[in-house]
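Please keep the structure open while reading.

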Amino acid sequence: MHGETGADLMDFALVADKLSGQSDEQITPAARLIIRAQSGDLTAFDQLMINHQQKVITLAWRLLGNPDDARDAAQETFLRVYKHLKNVDPTRDFSGWLYRIAVNVCRDIARKRLRGNQISLEAAIEAGKLIEPAGSHNTERVAIHAEEQAIIARALATLPVKERMAIVLRDLEGLSTEEVARILGSSPVTVRSQISSARSKIRAYRERWLKKRGPG
Amino acid sequence: MNCPQIEKLIPLYSGGDLPEEEEATVRDHLAFCEQCARIAGEFEESRDWLCGFTPPQFDQPVFDDLRDKVRREITRVQSQPSLLERLTPLLNIRFALVSSSALILLVAGLIFYINHRTTTTNHLSLKDKNGTSQNNWDNPTRNPQPSGEQQKTTVIRSSHRSKIYTLPTVSTPDPKTIVLKSNPFDLWLVAGEAVNSLIDESQTAEVDSMQEMMRFEFQTADPNIRIIWLTPKESKHNGETR
């Protein structure tokens, strides 16, 4: 305890109060961080953002297919997180809650984009906004990779929104069916059906693309 | 399970989304069915292909900018005064005095209006056709009947409903008595007292003026006013009283 500031002690008291009745194993550093952020500590909230920003922006990009929209979605997601942080139980699955907010934000942005006649995912692909080259080397390999990425994005864009969300969360984010169901607010049976349908469509799209491209 | 049934399960099998029992069934089937095994292979390739959908490398400045924007937005929201804080400057003594005075005036005006309206409602006046006031009854204003045998049209005016009720034929053998001959079932407001209709309109419609009538007389609280009500006598067919 030597050298701890008053604020640290207050934080500790707050954490202890919030987690009263929890065993020591359950008090994770993440839970402690959430509690500090809940008490209005902006540094703790900043750390929470650092811990999850990559995950949020990647998910948003996969769902929206546009880096600008992905940045906007990530920003809005963290603002909503801050707004509702006080209602979160720090011992429960924070990531799942964060995913849920991010998915809802992406859904809202996609809906707004459709309403406002803004560019669709496919239009973004056409405009070359979807793919940001990994580096400055404009080699043939990079070009092929970029083309393939665009084809995958186009395949995803053909899916209905719910199926796209289900397959992105399950196959690209690697979440379990149950977790996906919780995030999307539906049942695992529904999610399985959506995933099955989405995989069949992606496979059919890829087969068509391969036939069109020809051997090699 | 046959091939079509297995084919339906292959998309979920390729991602490991089947329950153990079904997964084992599909695996056993794929071991000897070349066509289904080929389809399963395509699904796995497609899934691997999809997993190659790698996001772009977002640079550190992108994340810094993102966090900076979020922090600024949080600060902006926090620095905005709450509704209570915005109302506080208005909550001084002068504001309280003015608003309470306005409220008192409003309530007083409302009470006066309601009282005035009630008084007007209760005020009924009946006048005779010639304009001579008799027993507080006003002159008729509509449908004047031709004079003869002391018959006159009497109008009862109700300011409450803003309607003028006209009694088509009223004989007044006694100026203090009004006889309602042909339509005794309407609702009358007599000298400030509401007398509800005793018989509804459907019965009124059946009344035949040639029928033998029964005569009822009601003395109101006002000794100058008596209501005489004529109604058909008891029916001979069923003994009902109208």
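This is a predicted model: local features need pLDDT of at least 70, side-chain atom pairs count only at pLDDT 80 or more; totals for chains, interfaces and linings use all residues.

Residues are numbered from 1 along each chain as its sequence is written, chains are lettered from A and ligands numbered from 1 in the order in which they are written, and side-chain values use heavy atoms, with hydrogens and water left out.

**Interface of chain A and chain B**

- Chain A puts 42 residues in contact with 34 residues of chain B; contact means heavy atoms within 4.5 Å.
- About 3800 Å² is buried between the two chains, and carbon and sulfur atoms give 66% of that area. Buried area is the accessible area (1.4 Å probe) that two parts lose on being put together, summed over both.
- On the chain A side, Arg199(A), Arg203(A) and Arg206(A) lose the most area to chain B, together 17% of what that side buries.
- There are 13 residue pairs in polar contact between the chains, both residues at pLDDT 80 or more. A polar contact is a pair of N or O atoms within 3.5 Å; within protein, one must be able to donate a hydrogen and the other to accept it, and residues adjacent in sequence count only if both atoms are side-chain atoms.
- Helices H3 (42–64), H4 (67–84), H7 (140–157), H8 (161–172) and H10 (188–213) of chain A each give two or more residues to the side that touches chain B. Helices (H or I, at least four residues) and strands (E, at least two) are DSSP runs, numbered from the N terminus.
- H3(A) supplies the largest share of that side, 11 residues.

**Salt bridges**

- The whole structure holds 26 salt bridges over all chains, and seven cross the interface of chain A and chain B. The rule asks for a side-chain nitrogen of Lys or Arg within 4 Å of a carboxyl oxygen of Asp or Glu.
- Asp17(B) and Arg199(A) form a salt bridge at 2.8 Å, N to O.
- Asp46(A) bridges to Arg71(B), with the closest N and O atoms 2.4 Å apart. Asp46(A) lies in helix H3 of chain A and Arg71(B) in helix H4 (residues 60–79) of chain B, so this pair joins two chains.
- Asp46(A) is buried at 15% relative accessibility, while Arg71(B) is partly exposed at 30%. Buried means under 20% relative accessible area, exposed over 50%, partly exposed in between (1.4 Å probe, protein chains only).
- A network of salt bridges links Asp46(A), Asp64(B), Arg67(B), Asp68(B), Arg71(B) and Arg72(B).
- Glu76(A) pairs with Arg80(A) in a salt bridge at 3.1 Å between the closest N and O atoms. Both lie in helix H4 of chain A, four residues apart, about one turn of the helix.

**Aromatic pairs**

- Seven aromatic pairs are found over all chains. Rings of Phe, Tyr and Trp (its six-membered ring) pair if their centres lie within 6.5 Å; planes under 30 degrees apart count as stacked, over 60 as edge-to-face and the rest as tilted.
- Phe45(A) and Tyr82(A) have ring centres 5.0 Å apart and planes at 75°, so they are edge-to-face.
- Phe45(A) is buried, at 1% relative accessible area.
- Phe216(B), Phe218(B) and Trp229(B) form one aromatic cluster.

**Chain B**

- Chain B has seven helices and nine strands.
- Of its 242 residues, 29% count as buried.
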